[in-house]
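Hello,

Here is the structure we spoke about. Please look through it first; my notes follow.

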Amino acid sequence: MDTLDNTPASAQADATTRRLYERLETLMAGQGEVLEMISTGAPLGIILNRIVAWVQVQSTDGALASVLLMDDEGQHLLHGAAPDLPAEYNTAIHGIKIGPDVGSCGTAAYRKLTTIVEDIATDPLWKDYKDLALAHGLHACWSSPLVGRTGKVLGTFAIYYRTPKSPVADDLHILKLVTRTAVLAIEHQQAEEEREQARKAEQVALEGVKEERRRLYQLFMNAPAMIAVLRGPDHVFELANPYYMKAVGADRKIIGKPIMEALPELASQGIFELLSSVYCTGTAHHGNELQISLDRNDDGKLEDCYFDFVYEPLVNDNGEVEGIFVHAVDVTEVVLARKRAEESEKQFRSFIYASPSPIGVYVGREMRIQTVNDAILEAWDRTREEVLGKTYYEVLHELADQPFFKILDDVYTSGIPYHATEDRVDLIRNGKRTTTYYNFTFSPLRDENGNVYGVMNTATEVTDLVRARQQLAEAEESLRGALEVAGMVTWRLDLKNGTMVFSARLKDWFGLSGNSAPISSLINLIHPDDRTRVSAAIELAKNGDGHYESQYRVVRNGKIKMLHSKGRVYKDEAGEPQYMTGTTRDVTIEKLMQEELEALVENRTLELKKANTDLQTVNDNLQQFVYVASHDLQEPLRKINIFTDIILKKHKANLAVEGQGYFTKISDAAQRMSGLLNDLLEFSRVGARKEIFFPTDLNRTISKIVVDYEVLIKHKNASIITDHIGMVDAVPIQMNQLFFNLVGNALKYSNAATSPLIHISSRMLPKHEILKYDRLNPKVDHCEIVVTDNGIGFEQEYAEQIFVIFQRLHRREQFEGTGIGLALCKKIVDFHNGIIFAKGNPGSGASFHIILPVKHVD
């Protein structure tokens with residue numbers, strides 16, 4: 001039978017066990033309370049204070065607990081919780097820098113190891129801080145680093161004692177338990193803060209997306225252009241701004257409808273096909289001045305409109321096309337205005353070319369010659385090639401010592417026209433300086449904003465008339481001398497009493513009885529429409545420079561006589577007008593001659609206008625013929641190709657070998673004829689319409705051509721080397737045609753035994769080389785592009801013949817072609833105010849040299 005051990009040692013052990021259980025229960029209860037505070041989201045400061053209180057309550061030795069937190073830089077410890085430590089001590093250690101010998105806490109954080117200091121007074125870790133601790137009655141400090149899951153030090157937990165003290169195993173277990181709990185609280189708080197920051201950031205981002213979408217929507221709706229968004233493969237309208245609705249019909253209901261239902265009139269205009277291509281390929285499409293017919297009023301009446309537009313695919317995060325963004329601008333008015341302007345310019349040029357009078361148009365302040373007719377070229381004794389594109393000063397350098405350059409500049413800068421009558425102009429004709437006389441006008445030309453951009457020069461040569469008048473004047477002077485000797489056409493006017501004394505002939509002209517009369521009586525006998533002007537001329541002479549001149553009519557016996565009077569005022573010593581003497585002559589015949597000449601000029605102008613109209617009709621008929629030859633003749637050629645192809649495929653077995661050969665020749669001939677017509681059409685189009693010049697990257701143009709010839713290049717094992725060519729002002733599509741033909745020729749006329757090598761190089765022409773070519777404008781920079789090959793070459797004597805349309809150096813059986821390609825190249829280069837020539841050597845290849853202006857000048 002067991003007996004109860006009631007010895008003192010047993011009783012003491014039982015008491016120790018009970019204290020341990022009680023202490024353990026206190027710790028567990030405290031930890032549970034702390035964990036509950038963490039789970040309910042209590043603030044970190046309150047939780048840390050609770051941990052400190054929890055530790056201090058379970059201590060039987062008067063322990064004082066402290067929690068320090070690591071700053072963001074991981075270098076300093078900041079006050080976290082220590083409610084029972086002296087406030088001065090807490091303040092002193094707040095912000096302390098960690099290190100290998102910075103007390104218990106600074107050392108524990110630095111080493112990431114629990115640091116036990118049993119006696120602060122003697123431990124070297126406290127050598128710099130023991131005075132502070134001892135002054136506040138602190139003699140022992142055990143500190144453990146608060147290390148998070150990632151290994152980062154979050155702070156320290158420390159226990160202070162008022163007396164030196166060493167920990168037992170239970171103390172270290174409790175320290176470890178409390179440390180883990182504190183780490184849990186700190187990491188939970190940091191996680192909550194990170195989640196809150198992430199939530200706030202996500203909310204800000206979401207609001208930003210919403211605001212961006214709202215702003216984007218407002219931008220689309222308020223954009224001064226047509227904006228629409230189409231969704232899905234059926235292109236359902238999701239958005240259409242007011243400009244888009246105005247363009248297609250403001251009252252039409254299109255939102256939520258597929259475009260085929262919303263705008264059915266587009267069915268046969270290629271729009272649906274374009275949209276489907278963009279949706280399926282994900283490649284944007286750009287269109288310029290596309291003509292579209294719209295039923296804007298939904299009444300079945302289509303209106304022709306013109307648009308510049310972009311179809312841009314809308315791609316989701318997975319890279320899938322889910323819609324199309326439409327951006328367009330209605331350019332109908334611009335296109336129609338340009339067409340009207342082109343027609344007006346065409347009519348204007350026709351008028352200029354048809355005019356029998358010299359006419360020229362000069363643009364810019366440098367007076368660059370843009371348009372001249374045959375009459376002015378004849379007057380200047382120059383050809384069209386010698387003057388177009390050059391300045392007025394370059395062409396008519398003989399005018400340098402005459403006033404016309406300054407007059408032109410004054411008209412351009414002031415905008416005030418200048419009219420000249422019988423002005424002397426010294427011109428170089430037939431290599432000799434020749435004196436001529438012209439009635440001419442310099443009229444300013446203004447753009448749509450009212451700014452002067454040029455000057456139009458219209459003129460009428462009156463050299464013969466002036467010379468005739470000079471001869472007449474000489475004769476009249478001789479006659480006047482004789483008449484003066486006879487005293488027949490002279491007069492003297494007394495300016496004081498207004499009495500005029502005159503010769504007998506003047507008396508007869510006016511129908512007077514005596515040789516004197518009051519000036520007022522003579523004025524009353526002048527034609528009523530001229531009286532005021534004559535009186536004003538007399539007053540002007542009296543009060544002005546003293547010179548009198550007037551021309552007026554006198555009606556007598558139903559006949560009108562035109563008289564021209566000149567006189568001079570004489571004054572006394574005081575400067576007062578005394579009398580005026582002068583002469584009068586009959587200019588009736590001269591006036592009639594002038595009127596007859598003007599009528600003759602007018603009749604000649606009408607005749608030339610009619611001739612121009614007839615020429616325009618011929619040109620229109622020629623254009624119609626080219627259209628018929630290039631379009632209408634294609635249809636029978638296509639049918640020939642189709643039916644011969646059907647016969648060769650379906651009925652080949654029924655044909656003899658010879659018959660099959662005939663049909664093959666028919667098909668080949670029809671295809672050659674079709675190619676010839678297409679080339680002829682391209683040839684006729686160059687220069688037939690107004691083209692717009694753009695800065696054109698020739699390297700990019702040539703790169704595209706190389707891609708076009710990729711199959712042929714691989715087949716012939718050809719190499720194409722392209723140097724840096726650069727930019728020129730040009731019509732891009734014509735540059736493509738030019739180099740497409742030149743590269744194609746180099747590939748076509750290659751040696752069968754040698755892989756083709758094509759080298760395209762470029763250089764800027766020096767000034768002295770530009771001057772070698774009359775066609776080039778020396779005021780503009782030019783570049784030379786050379787296309788060199790190692791093909792079959794040609795005899796140099798044929799270097800000009802190869803650029804003539806339909807001229808070939810080889811039989812069709814040797815090399816295919818229509819004989820138009822190089823002629824088209826020359827026409828394109830000519831249109832760009834450049835030159836093209838070729839150099840060849842049989843069996844050694846050829847080089848084609850193209851010289852183009854870098855900047856386009858009209």
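What is the order of the strands in the open sheet of 5 strands? The order is β8-β7-β11-β10-β9, with antiparallel pairing.

This is a predicted model, in which local features need pLDDT of at least 70, side-chain atom pairs count only at pLDDT 80 or more, and totals for chains, interfaces and linings use all residues. Residues are numbered from 1 along each chain as its sequence is written, and side-chain values use heavy atoms, with hydrogens and water left out.

Helices (H or I, at least four residues) and strands (E, at least two) are DSSP runs, numbered from the N terminus. Two strands count as paired if DSSP finds at least two bridges between them.

The sheet has its edges at β8 (236-240) and β9 (285-294), each of which pairs on one side only. On average, neighbouring strands are turned by 30 degrees against each other, direction ignored. (Axes are lines fitted to C-alpha atoms, for helices over the stretch in contact; angles run from 0 to 180 degrees between N-to-C directions.)

Strand β9 runs antiparallel to β10 (residues 303-315), joined to it by 8 bridges. His285 has Tyr311 in β10 as its bridge partner. Helix α10 (residues 332-354) packs on the sheet and touches β9, β10 and β11 (321-330); contact means heavy atoms within 4.5 Å. The direction of α10 makes about 135 degrees with that of β10.

The cover over the buried residues of helix α9 includes β7 (226-231), α8 (259-262), β9, β10 and β11; buried means under 20% relative accessible area (1.4 Å probe, protein chains only). Just after α9, Gly282 has a positive phi of about 75 degrees.

Regards
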